[in-house]
Amino acid sequence: MSTDRPPRCRPLPPHVVEAVAAPVVPPRAELLDRLDRALAALPADERAAVIAAHCYGEGAVGVAVELGLETEDADALARSGLQLLRAALSDLEG
């Protein structure tokens, strides 16, 4: 008998396979459409804050300049808008 034979393949129980299965991700076009709709549903100030802070990468300072706010207020508005956006897309989280 040889001790160098490869291990035998064994089927995994369904609960093991389900635990490591890749999440189902919607197609990119659907994700972008959902993001557009979620952004459009935000109140105008929160939408502008999220876009300036995160899409343009300007942070709270960019929001403050864009909306004429103090930096602390701009930061709070951007965080609020991002929270609303996350809530609208929460079903996509894994």
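Predicted model: local features only at pLDDT ≥ 70, side-chain atom pairs only at ≥ 80, totals over all residues.
Contact here means heavy atoms within 4.5 Å.

**Packing of α4 and α5**

By the contact criterion, Ala 60, Val 63, Ala 64 and Leu 67 of helix α4 meet Thr 71, Ala 74, Asp 75, Leu 77 and Ala 78 of helix α5. Sorted by class, the residues of this contact are seven nonpolar, one polar and one charged. Helix α4 spans residues 59-67 and helix α5 residues 71-88; their axes lie 8 Å apart at an angle of about 105°. The arrangement of α4 is therefore roughly perpendicular to α5.

Within α4, the buried residues are Ala 60, Gly 62, Val 63 and Ala 64. Their cover includes α3 (44-55) as well as α5. Gly 68 follows α4 and has a positive phi, near 65°.

**Salt bridges**

The count of salt bridges is three.

| Pair | N to O distance |
|---|---|
| Arg 37 and Asp 33 | 3.0 Å |
| Asp 91 and Arg 34 | 2.6 Å |
| Arg 79 and Asp 75 | 3.1 Å |

Asp 91, in the segment after α5, and Arg 34, in helix α2, are 57 residues apart, so this pair links distant parts of the chain. Asp 91 is exposed, at 51% relative accessibility, whereas Arg 34 is buried, with a relative accessible area of 17%.

Arg 37 and Asp 33 are four residues apart in helix α2 (residues 28-41), which means a separation of about one helical turn. Asp 33 is partly exposed at 39% relative accessible area. In helix α5, Arg 79 and Asp 75 are likewise four residues apart, about one helical turn. Asp 75, which takes part in the contact with α4, is partly exposed, with a relative accessible area of 32%.

How values were computed:
Residues numbered from 1 in each chain as written. Heavy atoms only, no water. Axes fitted to C-alpha atoms, helices over the stretch in contact; angles between N-to-C directions. Helix = DSSP H or I, 4+ residues; strand = E, 2+ residues; numbered from the N terminus. Parallel < 35°, antiparallel > 145°, perpendicular 65-115°, else oblique. Nonpolar A, V, L, I, M, F, W, Y, C, P; charged D, E, K, R; others polar. Buried < 20%, exposed > 50% of the residue type's maximum accessible area, 1.4 Å probe, protein only. Salt bridge = Lys/Arg side-chain N within 4 Å of Asp/Glu carboxyl O.
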